[in-house]
Amino acid sequence: MASNNKTQDANNTQNKVNEEPSPDDRYPVEEVALVVPETDDPSLPVMTFRAWFLGLTSCTLLIFLNTFFTYRTQPLTISSILMQIGVLPVGKFMASTLPKREFKVLGRSFSLNPGPFNMKEHVIITIFANCGVSYGGGDAYSIGAITVMKGFYKQSLNFLCALLIVLTTQILGYGWAGMLRKYLVDPAEMWWPSNLAQVSLFRALHEKDSRSKGLTRMQFFLVFMAASFVYYILPGYLFPILTFFSWVCWVWPQSITAQQIGSGYHGLGVGTFTLDWAGISAYHGSPLVTPFFSILNVAVGFIMFIYIIVPLCYWKFNTFDARKFPIFSNKLFTSTGHVYDTTKILTPQYDLNIAAYESYGKLYLSPLFALSIGSGFARITATMTHVALFHGSDILRRSKSAMKDVKLDVHARLMKNYKDVPHWWFLILLVSSIGFSLLTSFVWKEDVQLPWWGMLFAFGLAWAVTLPIGVILATTNQRLGYDIIAEFIIGYVLPGKPIANLLFKIYGRISTVHALSFLSDLKLGHYMKIPPRCMFTAQLAGTVISGTVNLSVAWWMLGSIENICDVEALHPDSPWTCPKYRVTFDASVIWGLIGPRRLFGPGGMYRNLVWLFLVGAILPVPVWGLSKIFPEKKWIALINIPVISYGFAGMPPATPTNIASWLVTGTIFNYFVFRYRKRWWQKYNYVLSAALDAGTAFMGVLLFFALQNENHNLKWWGTKLDHCPLATCPTEPGFSVKGCPVFR
């Protein structure tokens, strides 16, 4: 066997294609030139039996886990890095055990074991797996719409209609990606910075690891995955209070204000901490893979928002009648502080009953929720201004070069060794997805609410913005979000129709998100020299499999878990509160059912928040000006207003405790460990992140099927998630809400 491996390695070396560029032909992006190898071995097999088996298994497992965990109070997103690391020993095991003889099927011969497990197989498996994470699999978006329709609005939705919504959303994005790959993948200027971490990890995993300097990466992964697996039984079942350790509430058990400040689940989370990895990584992802520069900017925004702006608005100025409501909640309220019952203002067709709305009263938000929406207004315009000022000239130069200068870089020349994917393959996918999308608006018109012209409007919006947003993302790693703009537009065009608002956002905004995810993967394949037709096959197969499994798991959970997502009807200790989808539902009510005109227009309670569009546009200007006046002070240019605004993004459903714990963990690893133990960080940091994700996920699934699904739940002091019952109470003097003392 050893001699065979040596022979294979020798053959591979002979077959390698090397590009040694002249000094005038260096790759234009230094970061890429330092990380991505300028060599290729076209003889390496790619779409092997191992790649198909491990790829489809990875995709299915990831989308199952991500869908399963997204309904929980502490959702957990499992990244494809888990599979990127985990499939390596399995692939090598298959290469050492599978038979090498050839089989004939339909006149074509193939082998289950064409040789050693190689890097290209590993990459294509990861491409499959990428379809099982949030952006690829869509569990946070299209499934969110299905969950809101079935779980919140109680629609009797047809499964085929739901499947078409999920699949067409993703394949539409794939169609956009195919149309734009010549602009966003082939040019060297479109370098997709986020891919360099994966390229580095692939190279690290396929390089020899010295055992003399400690554990290998794979040994480290297995040890900490096992430790994470065993540990998660504490916060996941035996001792859930570890998720929100709100000790302030124990000190002042009778004080509403103290519990609002100290509650980890319903308050500002001051002094609260979490020892639950699911709680740390639930909303912003793993803090171990976020650069400290970004962590620091997020921390500035978080501290400013949670510890300065919100307290002033609530206790000092009583902004938006804030003291009549909980300081932090993802629920919607009436003017009397009670939960807003949307069923009272809905028609049987799920439209707004205007007479009932005027009789029942206006809708109110918790102060932190309202301010978080306002921060979203500022974030959109701040991102546009920041990118224009700090990266505008660079984007124009690079995009002009990419779209007019057809000179091939070293990687594009190497990719010429493979057959390209015909343009019409993507065109067929695009036209088919548009056709099936329009079919849903005709056949299930009452369910989807969005008319055919609304669908076409959404497609036009997606087509108009995907290229410029893609150029920005591919060159600066800045992702422009326009959810609120899309919701604003359709909210004015089709007021009173919440389902139409949801679907317009899916087709107009989320198809762009999927397109950018696919384009990023295409660039990864470009760097790793994966044949384009193999990429097409893997992405299409992964998309169909992930979308089908995604919906099937969600459909099963919505039908089998009693009162899932219904916080009022659920047991207080139930983990199935769906905080992510509660916010999706709230958005459909705010932007669709009630409409932006009533809330943010003239006379609306939250009309002043619209000024934050202007504030966001202005704030980056002085930072840019100071960076030009004092170019020697490099730290000024590191002030990133859009990233600072992300310090309070996602709340709700994220809580201040989630974000604070994420910041602390990220600072420990990406500042102190990175600075003082750089070799350890370089070798183990990403591996540790994947191990913690994997162990937590597997134990979470095991606990559900073995115990929680059979109602074997513990009930004691340590199983209560948050010992702060008064945190949800208002503080308006004399204001009475059931279950709360009257504040004096």
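Guide: Happy to. A word to settle on: buried means under 20% relative accessible area, exposed over 50%, and partly exposed in between, with a 1.4 Å probe and protein chains only. This is a predicted model, where local features need pLDDT of at least 70, side-chain atom pairs count only at pLDDT 80 or more, and totals for chains, interfaces and linings use all residues. Residues are numbered from 1 along each chain as its sequence is written, and side-chain values use heavy atoms, with hydrogens and water left out.

Visitor: Is Cys-249 buried or exposed?
Guide: Cys-249 is buried, because its relative accessible area is 2%. Cys-724 is buried too, also with a value of 2%.

Visitor: How many disulfides does a search find?
Guide: Three, over the whole structure, taking a disulfide as a pair of cysteine sulfur atoms within 2.5 Å. One of them joins Cys-249 to Cys-724, with an S to S distance of 1.9 Å. This pair links distant parts of the chain, 475 residues apart: Cys-249 is in helix H12 (residues 247–251), and Cys-724 is in the segment after helix H32 (678–706).

Visitor: And that link of Cys-249 and Cys-724, right-handed or left-handed?
Guide: The torsion about its S-S bond is about 100°, so the disulfide of Cys-249 and Cys-724 is right-handed. By contrast, Cys-729 and Cys-740 make a left-handed link, with -85° about the S-S bond.

Visitor: What pattern do the disulfides follow?
Guide: It is 1-4, 2-3, 5-6, counting bonded cysteines along the chain.

Visitor: Switching to charges: how many salt bridges?
Guide: Eight, where a salt bridge is a side-chain nitrogen of Lys or Arg within 4 Å of a carboxyl oxygen of Asp or Glu. Among them is Lys-120 with Asp-40, whose closest N and O atoms are 2.7 Å apart. Lys-120 lies in helix H5 (residues 119–130) and Asp-40 in strand S2 (residues 39–40), so the pair ties together parts 80 residues apart in sequence. Helices (H or I, at least four residues) and strands (E, at least two) are DSSP runs, numbered from the N terminus.

Visitor: Are Lys-120 and Asp-40 buried or exposed?
Guide: Both Lys-120 and Asp-40 are buried. Arg-50 and Glu-121, which meet in a salt bridge at 2.7 Å, N to O, are buried as well.

Visitor: Which residues do shared partners join into one network?
Guide: Asp-186 forms a salt bridge with Lys-182, at 3.5 Å between the closest N and O atoms. Salt bridges that share partners join Arg-181, Lys-182, Asp-186 and Asp-420 into one network.
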